[in-house]
Amino acid sequence: MAATEPLVIATKAVEPLATPPDFLDTFDPMKKPVEKDYAMIVGPEEPNLSPRIGGSADLRSTMASLIESCWGVWLSILISCIGVHDRLDSEDRCRRYAPSYVAASIILKSERPVDECSLINCSCNLHVAASYSFLSAYLITHFSEFQLATIGTFLIHESVYFLSGLPTLYFERSGLFRKYKIQKKVNTPEVQWRCILRLVLYHVCVNLPLMLISYPTFRFMGLRSSLPLPPWSVIVSQIIFYFIVEDFVFYWGHRILHTKWLYQHVHSVHHEHATPFGLTSEYAHPAEILFLGFATILGPALTGPHLFTLWLWVIVRVLETVEAHSGYHFPWSPSNFIPLYGGADFHDYHHRLLYTKSGNYSSTFTYVDWIFGTDKGYWKLKAVEEVEGKKY
Ligand SMILES: [Zn+2]
Ligand SMILES: [Zn+2]
């Protein structure tokens, strides 16, 4: 019964409820919460309610102050490690992948030198990298780097974003997998279409120009598209690094967006959807797209990646944010398998509450919210749901 005790405390201290919930198309994000029982359970936040990590408030505050005081140092060390890793590995990479690059350049009748590494005479077997080397060689011999880094990145982003958002749109309309839907409310086709049309407008008018004007910066920071491609160890370590950087910067940017003025004038657009679906993940005020887009491109800008790595980062980041807004928690959702991964249930909670007590500000992982104590309401709700055996 210990886990139910906070319920009593919470009902006493909870803020007065806004107007009754008249789901949700006329929903005003400044007047959450919408579900009375739910709001009463969450109540004021309390310490030590992070069962995934555990630990004391002392440990949490020590980690928080360490990060606040030294995060720049940690960031520099990480960047150096990844940069060194890339350089040290390049010679070995040339030897291993050389045959596939030679084959690619012959087949494509390339007039541009693929890379000096491809001239290395090496007796290695063809690597599985040959297949993606062919594709890369085709692209770099038919398009300029500027075209690939701007239009190419834009097209990849749009394709992955809209295709990955479609399945949950269909699930909502058809009722398929209803038992895995986190909230009861179903978005109407009108709401879905309005979201899609605004997204297309924002993507063309904001995202695309942003990609065009940021190209010189990426070039300056070391973006390259030539062969050889980086080895998978470098690609994977850089993408993990991008996730860590993005999550941390996003957390603080997002938390600042929950201050009154910024929420009212900027971030409330994203929170128009208290019951999010995949395509609402990038439904936001143009200023927010610029503000939080910075978190997405900071990691790549710092490490100067290969274009192939940048594309992979865009793909996995889009898939991650669409999943987090999908509104469905499946048995196969990544949060069931990846430690410290937030996922749909974690972020769905953020969309349901009044903006001053949303919590769960991180984009990908749960640990930054734990460190700074902004996940307590969520874990409190989970504890109550477990005891009562039902979902709120
Ligand atoms: Zn928010
Ligand atoms: Zn969101």
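This is a short walk through a predicted model of one protein chain, from its overall make-up to a few single residues.

Start with the whole chain. It holds 13 helices and zero strands. Read from the N terminus, the elements run α-α-α-α-α-α-α-α-α-α-α-α-α. The protein chain has 392 residues, and 36% of them count as buried. Take the contacts with a separation of 6 or more: 75% of them join residues 24 or more positions apart.

Now look inside. The largest nonpolar core has 28 residues. Within this core, Leu307 and Val368 touch the most other members. Several helices each supply at least two residues: helix 4 (129-142), helix 5 (145-174), helix 7 (232-257), helix 9 (286-303), helix 10 (307-324) and helix 12 (367-371). Helix 7 gives the largest share of this core, seven residues.

Leu307 is then in contact with Leu148, Ala149, Leu223, Arg224 and Ser225.

Next come the helix pairs. Two packed helices are described by the angle between their axes and the distance between the axes.

Begin with helix 7 and helix 9. Their axes come within 8 Å and cross at roughly 155°. Angles over 145 degrees count as roughly antiparallel, so helix 7 is roughly antiparallel to helix 9. The crossing of helix 7 and helix 9 is right-handed. On the helix 7 side, the contact is made by Gln238, Phe241, Tyr242, Val245, Glu246, Val249, Phe250, Gly253, His254 and Leu257. On the helix 9 side stand Glu288, Phe291, Leu292, Ala295, Thr296, Leu298, Gly299, Pro300 and Thr303. By class, the residues of this contact divide into 11 nonpolar, six polar and two charged.

Helix 7 also meets helix 10. How do the axes of helix 7 and helix 10 cross? They come within 10 Å, at an angle of roughly 50°. That makes helix 7 oblique to helix 10. This crossing, too, is described as right-handed. Ile235, Gln238, Ile239 and Tyr242 in helix 7 face Thr309, Leu312, Trp313 and Val316 in helix 10 across the contact. Six of the residues here are nonpolar, two are polar and none is charged. Gln238 and Tyr242 of helix 7 take part in the contact with helix 9 and in the contact with helix 10.

The crossing of helix 6 and helix 9 is right-handed. Helix 6 brings Tyr202, Val206, Asn207, Leu210, Ser214, Thr217 and Phe218 to the contact. Helix 9 answers with Pro286, Ile289, Leu290, Gly293, Ile297 and Ala301. The contact has nine nonpolar and four polar residues, and no charged ones.

Turn to a residue in helix 5, Thr168. Is Thr168 buried or exposed? Thr168 has 24 other C-beta atoms within 10 Å. The cut-off for buried is 20 or more, so Thr168 is buried. Which residues does Thr168 contact, beyond its neighbours within four places in sequence? They are Phe277, Gly278, Ser326, Gly327 and Tyr328. Thr168 and Val322 show how the chain brings separated positions together. They are 154 residues apart in sequence, yet 9.6 Å apart in space, C-alpha to C-alpha.

Finally, consider the backbone in two loops. Most residues other than glycine have a negative phi. Leu340 is not a glycine, but its phi is positive, about 65°. Leu340 sits in the loop between helix 10 and helix 11 (343-352). Its C-beta has 15 others within 10 Å, and Leu340 is partly exposed. Asn360 also has a positive phi, near 50°. This residue lies in the loop between helix 11 and helix 12. Is Asn360 buried or exposed? Asn360 has 23 C-beta neighbours inside 10 Å and so counts as buried.

Notes. Residues numbered from 1 in each chain as written. Chains lettered and ligands numbered in written order. Predicted model: local features only at pLDDT ≥ 70, side-chain atom pairs only at ≥ 80, totals over all residues. Core = buried A, V, L, I, M, F, W, Y, C linked by C-beta atoms within 7 Å. Buried ≥ 20, exposed ≤ 12 C-beta atoms within 10 Å, placed from the backbone. Helix = DSSP H or I, 4+ residues; strand = E, 2+ residues; numbered from the N terminus. Contact = placed C-beta atoms within 7 Å. Left-handed = near helix turned anticlockwise from the far one by under 90°. Nonpolar A, V, L, I, M, F, W, Y, C, P; charged D, E, K, R; others polar. Axes fitted to C-alpha atoms, helices over the stretch in contact; angles between N-to-C directions. Parallel < 35°, antiparallel > 145°, perpendicular 65-115°, else oblique.
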